[in-house]
Amino acid sequence: MKSEFDICIIGAGMAGATIAAYLAPKGIRIALIDHCFKEKKRIVGELLQPGAVLSLEQMGLRHLLDGFDAQPVDGYALVQGDEKTTIPYPHHYTGMGLHNGLFLQKIRACALQNESVKQIHGKALHLLENERNEIIGVSYRESQTSEIKTIHAPLTITSDGFFSNFRGDLSNNKKTVTSYFIGLILKDCDVPFPKHGHVFLSGPTPFICYPVSSHESRILIDFPGEQLPRKQLLQAHLDANVTPYIPESMRNSYEQAIQAGGFKVMPNHYMAAKPIIRKGAVMLGDALNMRHPLTGGGLTAVFSDIQILSAHLLAMPDFSNTDLMHQKIEAYYRDRQSANANLNILANALYGVMSNDLLKTAVFKYLQCGGANAQESIAILAGLNRNHYSLIKQFFSLAVFGAYDLMRQNSANLPKATKILRDAFTIIKPLAKNELTVSAVVSGCFKR
Ligand SMILES: Cc1cc2nc3c(=O)[nH]c(=O)nc-3n(C[C@H](O)[C@H](O)[C@H](O)COP(=O)(O)OP(=O)(O)OC[C@H]3O[C@@H](n4cnc5c(N)ncnc54)[C@H](O)[C@@H]3O)c2cc1C
């Protein structure tokens, strides 16, 4: 069927809106569907690692970070009790702290200014299939009229975020909740190191903080476990595990934020990408792959995926050859897995490390030493070093460093030193298995 569109994008969030903004000026005809195009106040996607900023730059979209008080971030600061250390990002690279809602509205406006993009207000319902089980579009409920309508396109991109409706059709993923983040905005907060992402390790669970505008910092407080923290439990957690560990200089802003209320709570998922490749559709963003947000790696992965997918799609003369497009989608899934493995492994491995007392102390001391190891580690966190060997080397160097440090203090620490090595191995093994083994399933006739 000849379609009015080349691509139908389900979800005009960070992934969907950005790929539309990138592809539309290249003449690709796009239907961009979302049930809500209004600005939302969210606690997600507010720290862009340098890898994400670099991707925007390479796509010619760096200008989207201008004009809404986004803040440059020069590196990371770790705080454990009275001890503090900073690690700068590699030379010439910066991250950005920002309000996600404002940023997303800029990306959407940039996409929608193109004549080749049609904005559709509606909730996507079901993927449409032809008699060969190929996907040929989507049905949706139009927001204004509640009518059920359809869009046809040779390619449908499902980028409908972490509660995606389409995983059942296009993937075998298992999503797990690792913990929750409790988000608060701190006004005029005096953080230990301005222009830095902070990781506070003093308490039993980590919390992170970074600038989102010239007068505001975001604090994200970890609440471990799979259960949504109820109000009373949340307050008890803050009282016992967070408030006593807030640095003196931040206390005022923190207490004002607590009094004002307005907590936002979000689940932190881990979900390795396990796509099922079907003709006519591809997954992008959190719908496909998620990692713990402790390292702020989500958008680095999303923008990198957009670059990889777009490069493959733009290498086709047009969207009419479904076999060729199928090959391109396979290539995208293969290339993106390797490109994102470090971000995915690091995010969840670091969360495991921060939740383990011995490893937590080891990582602090390891990075405090500075030098080549700290530089290599921050380049991985920044999304600039995608070499898998580097990541595995750094992770085990950290564990050996921690074990050696314990033994150096006292040879009676041998059981602890052994434990640190065992724990490190237990943390990294399933992640490496998930992220470094080929997982794409090719299926031309897959049916639910
Ligand atoms: C607590 C938390 C903090 C985070 N912090 C960071 C950070 O600091 N830095 C970072 O890089 N990453 C961070 N992330 C991850 C990052 O926010 C995500 O990876 C990113 O937002 C994913 O973009 P997306 O487009 O896939 O999903 P979204 O941005 O969620 O977009 C999905 C879109 O789909 C639309 N939609 C959903 N269902 C339908 C439907 N049926 N029909 C039509 N439209 C639909 C929604 O309205 C939405 O607009 C964080 C994640 C969490 C949970």
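This is a predicted model: local features need pLDDT of at least 70, side-chain atom pairs count only at pLDDT 80 or more; totals for chains, interfaces and linings use all residues.
**View 1. The shell of residues around the ligand.** Of the 37 residues around the ligand, those that come nearest are Gly11, Gly13, Gly161, Gly285 and Gly298. Two or more residues of this shell are given by each of helix 1, strand 2, strand 3 (47–48), strand 8, strand 16 (264–270) and helix 7, and it is helix 7 that gives the most, with 4 residues. By residue class, the shell around the ligand holds 18 nonpolar, 14 polar and 5 charged residues.

**View 2. Helix 1 and the elements that surround it.** Helix 1 (residues 14–23) is largely enclosed by the rest of the structure, because 10 of its 10 residues are buried. Among these buried residues are Met14, Thr18, Ile19, Tyr22 and Leu23, together with Gly16 and Ala20. The buried residues of helix 1 pack against strand 1 (7–10), strand 2 (30–34), strand 8 (117–129) and strand 11 (155–158), as well as against helix 3 (100–112) and helix 7 (298–314).

**View 3. The contact between domain 1 and domain 2.** The chain is divided into domain 1, made up of the segments 7–41, 97–174 and 271–340, and domain 2, which spans 345–436; their centres, taken over C-alpha atoms, are separated by 35 Å. Domain 1 brings 8 residues to the contact and domain 2 brings 11 residues. On the side of domain 1 that touches domain 2, the residues comprise 3 nonpolar, 4 polar and 1 charged.

Key: Residues are numbered from 1 along each chain as its sequence is written. A residue is buried if 20 or more other C-beta atoms lie within 10 Å of its own, exposed if 12 or fewer, and partly exposed in between; C-beta atoms are placed from the backbone. Two residues are in contact if their C-beta atoms, placed from the backbone, lie within 7 Å. A residue is near a molecule or strand if its C-beta atom, placed from the backbone, lies within 6 Å of it. Ala, Val, Leu, Ile, Met, Phe, Trp, Tyr, Cys and Pro count as nonpolar, Asp, Glu, Lys and Arg as charged, and the others, Gly among them, as polar. Domain bounds come from an automatic or database domain assignment.
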